[in-house]
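These are my notebook entries on one structure. I wrote down what I looked up, in the order in which I looked.

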Amino acid sequence: MSNKAKKGILLVQLGTPDSPTTPDVKKYLTEFLMDPRVIDIPYFQRTLLVKGIIARTRAPKSAKIYETIWDKKTGSPLMHYSILQRDLLQESLGDEYHVELAMRYQNPSIEAALSKMEGMLLESIRVIPLFPQYASATSGSVIDRVMELIRKWSYLPEISFVSNFCTDELMAETFADHARKYDLAHFDHFVFSYHGLPVRQLGKVDPTGQLKCPESGCDSCKTNVNAYCYVSQCYATTRTIVEKLGLQKEQYSLCFQSRLGKEPWIQPYTSDLLHDLATKGYKKLLVFSPAFVADCIETIDEIGVEYANEFKNLGGEEVCLVESLNDDPKWIKSLKQLALNAKN
Ligand SMILES: C=CC1=C(C)c2cc3[nH]c(cc4nc(cc5[nH]c(cc1n2)c(C)c5CCC(=O)O)C(CCC(=O)O)=C4C)c(C)c3C=C
Ligand SMILES: [Fe+2]
Ligand SMILES: [Fe+2]
């Protein structure tokens with residue numbers, strides 16, 4: 001056995017309830033939505049909103065949906081694919097590395113994963129938040145939590161963080177490969193539906209206050225002003241994928257799903273875009289969901305069931321969902337490059 005210290009890789013996904021029951025979903029939603037980076041309003045107002053309204057009203061509804069996507073053997077799809085990603089990455093990196101998986105909310109917690117890693121006297125730790133595009137509510141929150149815990153360690157290994165991988169070539173190729181499993185000529189439009197965010201959170205990532213999204217060129221290029229803008233990174237991911245598929249500008253649209261609450265979120269909303277496309281007579285849509293690296297409630301149910309039904313009720317015929325990256329070997333290769341900090 002080698003005495004050499006291993007290098008640590010910490011994969012962090014968002015999190016999922018422990019079970020599809022109302023109490024577990026409520027626990028998950030409360031921890032998630034009480035994060036000040038997710039609902040960025042003062043503590044007292046956030047507590048009223050989350051504990052008083054959202055957790056109580058949303059938990060039973062969400063639990064019913066989780067029940068429909070929960071696999072009897074493997075449980076939550078997000079957890080299932082995250083575990084596979086961890087195991088396949090470990091296999092690919094070999095013995096010199098130790099790969100841990102944590103969830104930002106619920107289990108396995110970042111605290112438990114880091115406590116295991118602390119005992120291993122690792123040479124270095126590289127943290128990979130599993131979100132292709134940076135948002136303070138996701139990657140920002142993961143990095144924040146890891147720093148909060150690690151700063152208490154007596155010894156501090158070399159630590160690095162992946163901020164985003166929105167233009168990663170292998171990631172984009174994997175989405176393109178999954179789209180090609182369908183006959184692309186069958187569809188009359190291609191939709192790129194990203195998880196939404198409250199508009200208020202966009203400008204906050206530029207401390208100079210220059211970022212006015214989307215006027216700062218966020219839909220066409222990445223600049224030093226919009227480098228951390230979630231919208232700009234969503235457009236960058238879309239450009240990387242459509243280039244691989246040879247799609248022209250008029251063949252595809254970008255939109256944002258999952259709005260929660262009453263304040264304005266990033267537009268266009270997926271629901272509005274689907275109305276628009278149906279009104280214009282489009283019938284068959286292929287939908288990508290590249291804010292996620294694994295299928296989850298937001299892809300399987302929100303796109304695959306909710307939006308698909310909505311589009312059909314408006315006169316559309318078909319909504320097909322491009323499978324997420326899941327356990328595709330090309331995506332694992334991309335994860336390996338992120339772990340090794342190697343560009344493709
Ligand atoms: C204020 C609310 C929310 C913000 C901001 C938000 C940002 C955000 N979330 C993801 C990724 C995922 N979100 C998931 C589920 C989910 N998200 C919210 C709310 C906000 N997300 C809720 C209430 C839920 C729970 C589901 C529900 O009740 O409908 C998931 C899936 C979890 C699963 O178990 O399958 C992911 C993944 C991103 C990338 C993002 C900002 C860019
Ligand atoms: Fe979310
Ligand atoms: Fe922007």
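Entry 1, a proline in a loop. I began with P108, which lies in the loop between β2 (97–103) and α4 (110–118). Helices here are DSSP runs of H or I with at least four residues, strands are runs of E with at least two, and both are numbered from the N terminus. A cis peptide bond joins N107 and P108, with omega at about -10 degrees. In the loop between β2 and α4 I also found Q106. Its phi is near 65 degrees, a positive value in a residue other than glycine. I noted that most residues other than glycine have a negative phi, and that most peptide bonds are trans.

The model is predicted, so local features need pLDDT of at least 70 and side-chain atom pairs count only at pLDDT 80 or more, while totals for chains, interfaces and linings use all residues. Residues are numbered from 1 along each chain as its sequence is written, and chains are lettered from A and ligands numbered from 1 in the order in which they are written.

P268 sits in the loop between β6 (252–257) and α9 (270–279). L121 is not a glycine, yet it has a positive phi of about 45 degrees. I placed L121 in the loop between α4 and β3 (124–129).

Is L121 buried or exposed? L121 counts as exposed because it has 11 C-beta neighbours inside 10 Å. The cut-offs are 20 or more other C-beta atoms within 10 Å for buried, 12 or fewer for exposed, and partly exposed in between, with C-beta atoms placed from the backbone. Q106 has 18 such atoms within 10 Å and is therefore partly exposed. Of the 344 residues of the chain, 44% count as buried.

I checked α2 (residues 43–69) against α10 (residues 297–313): they pack at an angle of about 100 degrees, with axes 10 Å apart. The axes are lines fitted to C-alpha atoms over the stretch in contact, and angles run from 0 to 180 degrees between N-to-C directions. That makes α2 roughly perpendicular to α10, a label for angles of 65 to 115 degrees; under 35 is roughly parallel, over 145 roughly antiparallel and the rest oblique.

I counted 11 helices and eight strands in the chain.
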